[in-house]
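This report describes selected packing, aromatic and backbone features of a single structure. The sequence and model are shown first.

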Amino acid sequence: MSEIKNSTIKENLSSIKEKIALACKKSNRSENSVRLVAVSKFHPKEAVEDAIFAGQNLFGENRVQEAFEKFALLPETASLHIIGSLQRNKVQKALSIRQLTMIESVDRIELLEEIEKVASKINRKIDVLFEIHTGEESKAGFRSEDDVCACLKAIALGKITHVNVRGFMTMAPATQNEEKIRESFRSMRLLRDKMSAEFPSLDLSELSMGMSDDFLIGIEEGATIVRIGSAIFGERTL
């Protein structure tokens with residue numbers, strides 16, 4: 001990785017970071033309060049290398065097998081978030097990826113328990129976000145506040161010791177209606193605030209919300225993580 005091969009990726013990253021900084025300024029926030037996850041799913045490792053060369057070190061992948069194969073060939077300095085639906089039988093492989101630092105898509109108690117089981121066996125701790133359903137019916141995520149409470153209670157009581165819940169993630173509905181998008185993000189922020197009050201021993205400060213088309217709204221509504229793919233890497237090629 002001696003030189004950048006796709007200068008467009010560097011230019012796109014620069015543009016996105018400028019927009020993040022401006023959105024933070026507009027919301028009276030530090031630009032350091034928002035982390036950019038460059039979503040590299042379906043893009044080759046060479047594209048990730050170009051992004052790394054351009055100064056980006058945090059990436060997001062949906063599919064565990066793709067992430068496992070791709071990141072085995074990438075520097076250990078890169079960090080990876082799993083952002084797609086995670087099957088229980090893929091947890092062990094996911095946790096074997098050395099660059100994995102967070103699973104953003106924990107959407108049910110059975111998955112949380114499986115992550116705890118595997119992580120305890122290999123004596124590894126992993127950060128997670130709880131995915132909250134706030135958008136389209138087809139999307140994943142917790143739909144019951146009671147289920148969210150049950151998971152948080154298990155962690156707060158020390159029944160789950162190898163999983164650190166750091167906050168919440170959501171996907172807004174696919175619409176041009178800005179108010180519906182804003183309502184989606186706002187509802188998750190309000191849930192986070194409520195859960196933080198109920199479980200003060202837990203640090204639930206992370207809110208992952210906003211992608212290429214709606215990340216500016218996400219920042220305005222309190223996002224600390226935005227997940228951007230096509231605006232950086234271009235359209236995906238399957």
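## Charge over a ring

A charge is taken to sit over a ring if NZ of Lys or CZ of Arg is within 6 Å of the ring centre and within 35 degrees of the ring normal. Lysine 93 meets this description, lying over the face of phenylalanine 68 at 4.7 Å from the ring centre.

## Basis of the description

The model is predicted: local features need pLDDT of at least 70, side-chain atom pairs count only at pLDDT 80 or more, and totals for chains, interfaces and linings use all residues. Residues are numbered from 1 along each chain as its sequence is written, and side-chain values use heavy atoms, with hydrogens and water left out.

Helices (H or I, at least four residues) and strands (E, at least two) are DSSP runs, numbered from the N terminus. Buried denotes under 20% relative accessible area, exposed over 50%, and partly exposed the range in between (1.4 Å probe, protein chains only). In helix 3 (residues 64-71), the buried residues are Val64, Glu66, Ala67, Lys70 and Phe71. They lie on the same side of helix 3 because they cover an arc of only 160 degrees around the axis, the arc being that of the directions from the helix axis to the C-beta atoms. Their cover includes helix 2 (45-53), strand 2 (58-61), strand 3 (79-82) and helix 4 (91-95), where contact means heavy atoms within 4.5 Å.

Helix 2 has Ala47, Val48, Glu49, Asp50, Ala51 and Ile52 buried. These residues pack against helix 1 (7-26), strand 2, helix 3 and helix 9 (230-233). Just after helix 2, glycine 55 adopts a positive phi of about 105 degrees.

Rings of Phe, Tyr and Trp (its six-membered ring) pair if their centres lie within 6.5 Å; planes under 30 degrees apart count as stacked, over 60 as edge-to-face and the rest as tilted. The whole structure contains 3 aromatic pairs. In one of them, the ring centres of phenylalanine 130 and phenylalanine 142 are 5.4 Å apart and the planes stand at 50 degrees, so the pair is tilted. Phenylalanine 130 belongs to strand 5 (residues 126-131) and phenylalanine 142 to the loop between strand 5 and helix 6 (145-156), so this pair ties together parts that are 12 residues apart in sequence.

Phenylalanine 130 is buried at a relative accessible area of 0%, and phenylalanine 142 is buried at 5%. Phenylalanine 130 also pairs with phenylalanine 168; the centres are 6.3 Å apart and the planes at 65 degrees, so this pair is edge-to-face. Since phenylalanine 168 lies in strand 6 (residues 163-169) and phenylalanine 130 in strand 5, the pair ties together parts that are 38 residues apart in sequence. Phenylalanine 168 is likewise buried.

Most residues other than glycine have a negative phi. Asparagine 28, in the loop between helix 1 and strand 1 (35-39), has a positive phi near 55 degrees. Asparagine 28 is exposed, with a relative accessible area of 75%.

Asparagine 123 has a positive phi of about 55 degrees and is placed in the loop between helix 5 (109-121) and strand 5. Its relative accessibility of 66% makes asparagine 123 exposed.
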